[in-house]
Amino acid sequence: MDGSGGVMVNGDAGGDDSQETDGHAITHCMPHKAEDRRGEREEEEEEEEEEEGDEGVRERSDEGEQQHDTSRDDSTAMDKKETNEQKLYKIANELLQTEKAYVARLNLLDQVFCAKLLEEANKGTFPTDVVKGIFSNISSIHTFHSQFLLPDLEKRMGQWESTPRLGDILQKLTPFLKMYAEYVRNFDKAMDLLKQWTERSPQFKAIILEIQGQEACGNLTLQHHMLEPVQRVPRYEMLLKDYLKKLPENDPDRPDAQKSLDTIGMAATHSNSAIRKSENLKKLLEIYEMVGEEEDIVNASNEFIKEGHILKLAARNTSAMDRYLFLFNNFLLYCVPKFSLVGQKFTVRTRIGLDGMKVVETTNEDYPHTFQVSGKERTLELQASSEQDKEDWIKAFQETIAIFHQKYETFKSASKDSEEVSTAELGKRAPRWIRDNEVTMCMKCREQFNALTRRRHHCRACGYVVCWRCSEYKAQLEYDGNKMNKVCKDCYSILTGNTEEKEGKKKGILEIEAAQFSGSSIMCGFLQYCEKSKPWQKVWCVIPEKEALVLYLYGAPQDVKAQSTIPLLGYAVEDNPKGADAPSSFRLSQSKSVHCFAAENEEVKQRWLRVIRVAVTGEVPESPPPHGDTPPPPSIDSAPLDPPNSDGL
C-alpha cells in the first residue's frame, strides 16, 4: 500500500518478488475460482487491513534494524581479532560441511530415488532404461564422493593443526570431473524423461511422490535434488578462490591449490551453460508449484524473464484488482493471488502467447502508470506501482517480443529457398516439394524419420516433408480440381479455417535450426562421423558463435533439430588415424566417450582441428579464413551431398 491510498504493487523482477509473494498472496487473497471483480467496500476493508499490517511490519523492522546494527558492530570487532589461519580453517571446514550435505543428497538420488525406481522397473512396470537415462552416472559420482573425497576431507580436518592444506586433496578431484561432464550432457534428456514418465506411468509417479514426502527430501522435488551435481563444481571453484586469497604467497600448499583451481575452473566454465539452464529450471519448478502444477511450465524451451504484482483495471467499473504476472520467453501467465500459506499461491486466469502480442503505454486520468498488453487470447489494461515500474515492464515485454519474433523469422529462413507458397496462394498453386534427402526429421514436429514407424510424406499444399502424424489431415486443393489431398496440420488450419489441432511436441534443447547456426558459426561443414561401433555416417557439423565450446551434429544443413551435441571442453584430440580409421580422420575422447570424425581431405581436417584444439581448452576459437573446402550451408535448391541413409537417422 503506498501513501497515496493506491494498492501496493511490486513489479520488480527477480528474487525480491518471490520473497514478497507470500505477503501479497495473503493480503490480496481470493478463493480459487472466485469472482474477478470486488466491490469498493471490500477493497477499502482490505486496504485498511493492509495499512495496519504494514505499520506493524515497519515497527518490527525498525526494532530489528537496531538489533542488527548492534550485532554488526560485535561481528566487526570479532573479525578484527580473527587471524588468517582461522579464516583458512573456516574455509576448509565449510568445504567439509558442504561436502557432507552434498553426499547426503547424492545418497538420496542414488540409493533412494534411483534404487526404488529400478526395483519397480525390474518388475516390468516401466523400462529400466528410463531409470538409467534419468540418473545417468549418479552412482559413480556418489561412490567417488562418499568413499574417497569426503573421507579424505574428514581425515584432513582431524589433522588440520599439523597439516593445514587442501590443495593436495582437491588435486584428487580433478581426474573425476569428467563424470560431471557426462552428467551435465545428459541433464536435459533426464528432465524430459522424468516429465514424460511421470505423466505416463502412475506407479512411476507414485514412487517419486512417496519419496518426496519423506523428511530427508526437505519438501523439495526430485528435479531440485538433481540440480545439485550441476551446481557443485562451481561451488568448489568459489571456495578455492577464497582459500587462495587467504593463503600466503610462500605457503607450500599454494602450487597444488592453484593447479586444482585452474582445472576446476575450466570444468566450471564448461558447466556455465548448464548452470544457467539449471537455475532457470529451478525457477520454472518454483513457478510450477506456485500455480498449482497445472501449467506446462517445466520445459527446456521455456525461459523465465520477469515476475511481479500488478493491478488489473476493470472494464465495467472503477475498481483495480490485484494480479500477478509471470513473463516467459514465449508466453505470459496472468494470475490471481490465492489465499494460501503453503503450496499453490496463484490461480492462472489466462495464458497469453507472445505470437502477435503488442504492448502500448496508455493514459488514464484516474489511474497513473498504466499500459496495455494485447494478445490473441486476451487484452489486459494494467497499472504498475510507479513510472519506473511501468517502464521496466514495457521494456521487458518489448525486448522479449522482439527476440521471440527474431527466432520465429530465423526458423522461417531455414526454408527460405523452398519457394514457399504464400497464404493467399495456398491450395491455388502447386508447391515445390522439398526433397527427401534434404531433411532427416519432420519439419513440423521435429521427430526423426525412420524406415518403419516414421516415414516421409509430403504436404500437397506447402511441399514440406512431414511424418504421418503431421500429415493425417485432408483438404480440398484448388490447383488439383478441388480434390481432397493430404496436407500438414498448419495448412489444414489455413485451408479449412479449423484451428483445432493436436498438440505438438514442445521444443527441446537440441531444437535449434541448423540454418540458424550455420549463418553465424565459427566453423561448419560436412564430416563423416562414427561413435563406438556404429557405422560411419555423414553429418552436418556446426560450432556456433554463441556456443563456441559446443559441436552440434545435424543430419542435414536444413534440419530444425540437432541429432546430438558434444561439449568440447576437456576432450582429448587425437589426429593420428588408427589402422581401421578412414583417411583424414581424427578422434575426440573423454573417459569412455570416443567420437571419430573424417574430413574430405587433410586440409579440411586441419582447419577443423585448429578450431577444436582451442575449444577443448575452454578458450573461444576464432573462425578460420574462408576456404572452398568449408562451404556455407547449401540451399535447398542446390544438390546436397548424398546422406548415408535416405530414410534419415
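Modeller: C459 counts as buried, because its relative accessibility is 0%; buried means under 20% relative accessible area, with a 1.4 Å probe and protein chains only. This is a predicted model: local features need pLDDT of at least 70, side-chain atom pairs count only at pLDDT 80 or more, and totals for chains, interfaces and linings use all residues. Residues are numbered from 1 along each chain as its sequence is written, and side-chain values use heavy atoms, without hydrogens and water. pLDDT is the predictor's confidence in each residue, from 0 to 100. The chain averages 77.

C459 sits in the loop between β8 (457–458) and β9 (465–466). Strands here are DSSP runs (E, at least two residues), and helices are runs of H or I, at least four residues, both numbered from the N terminus. Beyond neighbours within four places in sequence, C459 contacts P431, W433, Y464, V466, K486, V487, C488 and C491. Contact means heavy atoms within 4.5 Å. N485 is 26 residues from C459 in sequence, yet 8.4 Å away in space, C-alpha to C-alpha.

Now the sheet. Seven strands form an open, antiparallel sheet, in the order β15-β14-β13-β12-β18-β17-β16. Strands pair if DSSP finds at least two bridges between them. β15 (564–567) and β16 (572–574) are the edges, each pairing on one side only. β13 (residues 537–544) and β14 (residues 550–554) pair over three bridges. Within that pairing, V542 has Y552 of β14 as its bridge partner.

Technical notes:
Buried means under 20% relative accessible area, exposed over 50%, partly exposed in between (1.4 Å probe, protein chains only).
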